2 protein chains.
Amino acid sequence: MADVMAVTRHTSIAPIDGGITAPTGFRSAALHCGIKAKAGALDLAVLAVDTFASMAGLFTTNLAQAAPVLVSKRHLDVTRGTGCAIVVNSGCANACTGEEGLANARRMTEEVASALGCEPEQVLVASTGVIGVALPIDRVVAGIQEACSSLAHRKGSEAAQAIMTTDPFPKEHAVRVTTPRGSFSIGAMAKGSGMIEPNMATMLGFIATDAQVAPAMLHRALAESARDTFNAITVDGECSTNDSLFAMASGNSGVVIDEELYPALLDGLLSVSRPLALGIVRGGEGATKVIAVSVYDANTVDEARQVARTIANSPLVKTAVHGADPNWGRIVAAAGRAGVRFDMQRVTVRIGGILLFENGLPHDESAARAAEILKRDTVDIEISLGAGNASATIWGCDLSAEYVRINGEYRT
Amino acid sequence: MADVMAVTRHTSIAPIDGGITAPTGFRSAALHCGIKAKAGALDLAVLAVDTFASMAGLFTTNLAQAAPVLVSKRHLDVTRGTGCAIVVNSGCANACTGEEGLANARRMTEEVASALGCEPEQVLVASTGVIGVALPIDRVVAGIQEACSSLAHRKGSEAAQAIMTTDPFPKEHAVRVTTPRGSFSIGAMAKGSGMIEPNMATMLGFIATDAQVAPAMLHRALAESARDTFNAITVDGECSTNDSLFAMASGNSGVVIDEELYPALLDGLLSVSRPLALGIVRGGEGATKVIAVSVYDANTVDEARQVARTIANSPLVKTAVHGADPNWGRIVAAAGRAGVRFDMQRVTVRIGGILLFENGLPHDESAARAAEILKRDTVDIEISLGAGNASATIWGCDLSAEYVRINGEYRT
């Protein structure tokens with residue numbers, strides 16, 4: 001533990017340019033292959049490692065898993081977490097597409113492998129867009145061949161655009177992590193949901209690092225960092241068929257991540273994941289505000305998360321925040337139905353730091369000040385359960401009429 | 001079992017007028033006591049039994065339980081399910097109001113008891129409205145005194161209006177149950193219409209019958225009938241602080257409900273509860289359509305209910321139905337995240353009887369016909385899990401911009 005503290009104290013993290021290709025050893029290409037109808041709209045990206053990388057993936061827990069999810073999971077199993085590339089398309093989720101969909105997802109990995117000179121199992125695949133529509137596989141194959149012949153370093157921004165569906169803005173971030181034993185970089189990009197193609201709020205995330213990390217440790221760090229970032233956000237409580245989060249470690253920096261440097265890797269992953277996760281919330285369909293719901297003094301972290309998630313997904317809390325109504329009663333009611341036991345008499349509720357509920361009683365004299373705070377574009381809701389020492393934060397967004405408009409318009 | 005079948009076969013149920021006061025032995029009064037700001041808006045009702053009645057109650061499972069819930073539960077315990085009256089106010093939930101709130105709820109029962117000549121414990125109390133605001137108890141007490149002096153038979157409709165908050169219409173229903181051993185009546189009223197996923201929700205329901213039923217059997221029948229009616233609906237997945245469903249049996253008809261006649265009582269309760277529960281959904285905040293989600297071929301009823309509830313509460317399914325989009329992909333994705341294990345390849349999805357998903361593949365050629373059906377004001381969504389023989393139905397409603405408007409502006 002002493003070593004860990006020393007490393008943490010002597011590690012610094014600074015933002016850098018370059019997105020997913022900021023770390024050395026990664027190249028990317030992005031182009032319009034013709035999945036999206038709009039001419040020139042980027043809809044295909046290939047990320048390639050110069051040599052080989054440790055790979056890790058986290059996937060949707062939905063029973064309905066898209067073909068690319070099934071194929072990528074299998075490939076990670078077969079290679080035990082090593083690989084050379086990831087291919088991603090937007091505009092079509094390749095979900096609920098049966099055997100043809102699985103064949104198309106495999107075909108995408110085969111084409112990349114053939115172009116790069118590796119095995120198909122060393123290629124991962126991700127798709128995002130409309131459910132239940134077949135990929136125009138000939139166009140995708142032609143696009144993959146073109147992309148693989150034009151891979152370049154430092155072209156991460158195009159890739160971040162190529163994975164967007166209805167996202168109002170691209171989401172990428174990169175940092176340099178400086179440790180007592182050398183420095184390495186981490187770059188990342190992600191996509192969420194937006195406004196024009198209202199089918200599935202499919203989250204995809206990609207992280208690259210030039211640290212040298214064994215696959216098992218990379219998976220552990222990815223899972224740990226996702227817990228408090230990508231897995232701590234909600235736009236509408238919906239879990240999609242395609243959610244995937246990938247990490248790749250090229251090792252090019254020469255910095256070997258062992259138990260001593262693990263905290264530095266984890267901090268780095270958190271540093272790139274947090275802004276991307278918040279970006280997904282801020283760009284959530286119809287969202288006008290980010291809501292950070294923090295639950296303190298719970299018995300366990302799981303209970304804190306459960307209460308925070310119930311509040312963040314409550315349509316009555318979300319509409320109250322949208323209307324700048326400091327309606328602590330809805331927060332208390334949502335906490336009370338979260339399925340966690342606690343003593344309501346010991347609960348306190350704060351909005352933007354202003355105490356609104358304590359000892360079972362309201363402080364409505366502060367409501368006007370809280371209403372002012374609710375007009376900001378980020379709102380903090382804090383609840384103490386007065387039970388234990390555990391805490392958790394979930395980031396959500398408000399519910400607006402625009403969400404209804406986006407998702408109520410027919411696909412045709 | 002033979003007796004039960006015979007009774008069921010020879011029992012007929014017919015709708016009658018009169019709402020909650022249709023059965024003999026019940027009187028009611030309703031008036032504006034001044035909780036609601038709008039002049040003349042009914043906000044107080046008293047229901048009284050001519051002599052004494054068996055009483056039963058079901059209450060919210062929310063940890064945050066309003067003062068009237070706590071008081072009514074205690075009174076039912078003390079009297080072991082007997083009583084003489086119920087007092088209800090709208091416009092103020094008397095929830096999160098501390099000791100003062102408890103004292104006010106008790107005071108309401110004391111005033112009724114004093115006016116009617118019974119014990120306070122023989123009076124139940126319910127409140128609905130804004131959370132965290134104290135009752136204007138002096139006005140309420142004056143109102144109770146006036147109401148108790150003007151109790152009358154056949155005035156159920158005014159009571160059904162007096163319990164409304166954001167409900168767009170009053171909800172009451174009554175039936176005459178004719179059995180081989182005589183006939184009795186059941187009358188009922190309920191209110192919605194936001195914070196509705198009754199377990200129970202800001203749902204209040206009241207049922208009166210002139211059958212003669214022991215308290216334990218009345219409670220059993222009430223719980224059994226609620227499972228597939230008031231506890232099978234959802235407007236927004238929110239479980240409120242005040243949900244209460246009361247039943248009173250005066251015995252005035254002389255028909256004694258024993259095990260043989262229990263099915264007739266249960267059928268009667270279902271007959272009045274079903275239209276009220278559906279009325280709550282149809283009058284749900286911002287609702288324009290009722291959605292009946294039926295899950296078939298599940299392993300257990302609980303699993304069928306869990307899948308149906310997840311679909312009925314999915315904001316993406318609710319907005320798709322609002323926009324008349326036959327978006328089976330969202331239905332499949334919601335089913336897949338419900339926390340129930342099944343084989344997605346065996347799932348079928350139908351909207352309005354039209355098959356849209358089977359063997360893991362879409363039937364999009366039928367989408368246009370399904371879109372037409374979605375324009376109706378009641379929509380059936382049917383999912384077979386292909387696993388077992390259990391089934392369940394949950395009734396929900398669509399999500400509209402009006403829901404956002406209502407709840408973004410409720411207090412401010």
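This report walks through the predicted model shown above, from the overall build of its chains to a few single residues.

Residues are numbered from 1 along each chain as its sequence is written, and chains are lettered from A and ligands numbered from 1 in the order in which they are written. Since the model is predicted, local features need pLDDT of at least 70, side-chain atom pairs count only at pLDDT 80 or more, and totals for chains, interfaces and linings use all residues, while side-chain values use heavy atoms, with hydrogens and water left out.

## Chain A as a whole

Let us start with chain A, which holds 12 helices and 15 strands. Here helices (H or I, at least four residues) and strands (E, at least two) are DSSP runs, numbered from the N terminus. The C-alpha trace of chain A spans about 70 × 60 × 35 Å along its principal axes. Chain A has a radius of gyration of 22 Å, which agrees with the value near 22 Å for a compact globule with 412 residues. That radius is taken over C-alpha atoms, and the globule rule is 2.2 Å times the number of residues to the power 0.38.

How much of chain A is buried? Buried residues make up 62% of its 412 residues. Buried means under 20% relative accessible area, exposed means over 50%, and partly exposed lies in between (1.4 Å probe, protein chains only). Chain A exposes about 14,600 Å², and carbon and sulfur atoms supply 50% of that area. Accessible areas come from the Shrake-Rupley method with a 1.4 Å probe; for residues, only the protein chains shown count as cover.

Contacts (heavy atoms within 4.5 Å) tell us about the fold too. Among those in chain A between residues at least 6 apart in sequence, 81% join residues at least 24 apart.

## Two copies and their axis

Two copies of a chain are related by a rotation about an axis and a shift along it. For this model, a rotation of 179° with 0.1 Å of shift along its axis superposes chain A on chain B, with an RMSD of 0.3 Å. That is the relation of a two-fold axis. The superposition is by least squares on the C-alpha atoms of residues with pLDDT of at least 70 in both copies.

Which residue of chain A comes closest to the rotation axis? A:Ala401 does, with its C-alpha at 2.0 Å. The same surface serves both copies, as 93% of the contact residues of chain A recur in chain B.

Helix H12 (residues 401-408) of chain B has the buried residues B:Tyr403, B:Val404, B:Ile406, B:Asn407 and B:Gly408. These buried residues pack against helix H9 (315-322), H10 and helix H12 (401-408) of chain A.

## Aromatic rings

Rings of Phe, Tyr and Trp (its six-membered ring) pair if their centres lie within 6.5 Å; planes under 30 degrees apart count as stacked, over 60 as edge-to-face and the rest as tilted. By this rule there are 6 aromatic pairs over all chains. One of them is edge-to-face: A:Phe59 and A:Phe246, at 5.6 Å centre to centre and with 80° between the planes. A:Phe59 lies in strand S3 (residues 44-59) of chain A and A:Phe246 in strand S9 (residues 244-249), so this pair ties together parts that are 187 residues apart in sequence. Both A:Phe59 and A:Phe246 are buried.

The rings of A:Trp328 and A:Phe357 make a stacked pair, because their centres are 5.0 Å apart and their planes are at 20°. This pair also links distant parts of the chain, with A:Trp328 in helix H10 (residues 328-336) and A:Phe357 in strand S12 (residues 354-358), 29 residues apart. A:Trp328 is buried, with a relative accessible area of 0%, and A:Phe357 counts as buried at 1%.

A charge sits over a ring if NZ of Lys or CZ of Arg is within 6 Å of the ring centre and within 35 degrees of the ring normal.

| Charged residue | Ring | Distance to ring centre |
|---|---|---|
| A:Arg220 | A:Tyr262 | 4.0 Å |
| B:Lys171 | B:Phe169 | 4.6 Å |

## Backbone details in chain B

B:Cys96 has a positive phi, near 60°, in a residue other than glycine. B:Cys96 is placed in the loop between strand S4 (82-92) and helix H3 (98-116) of chain B, and counts as buried at 11% relative accessibility. B:Asp297 is not a glycine either, yet has a positive phi of about 60°. B:Asp297 is in strand S10 (residues 290-298) of chain B and is partly exposed, with a relative accessible area of 30%.
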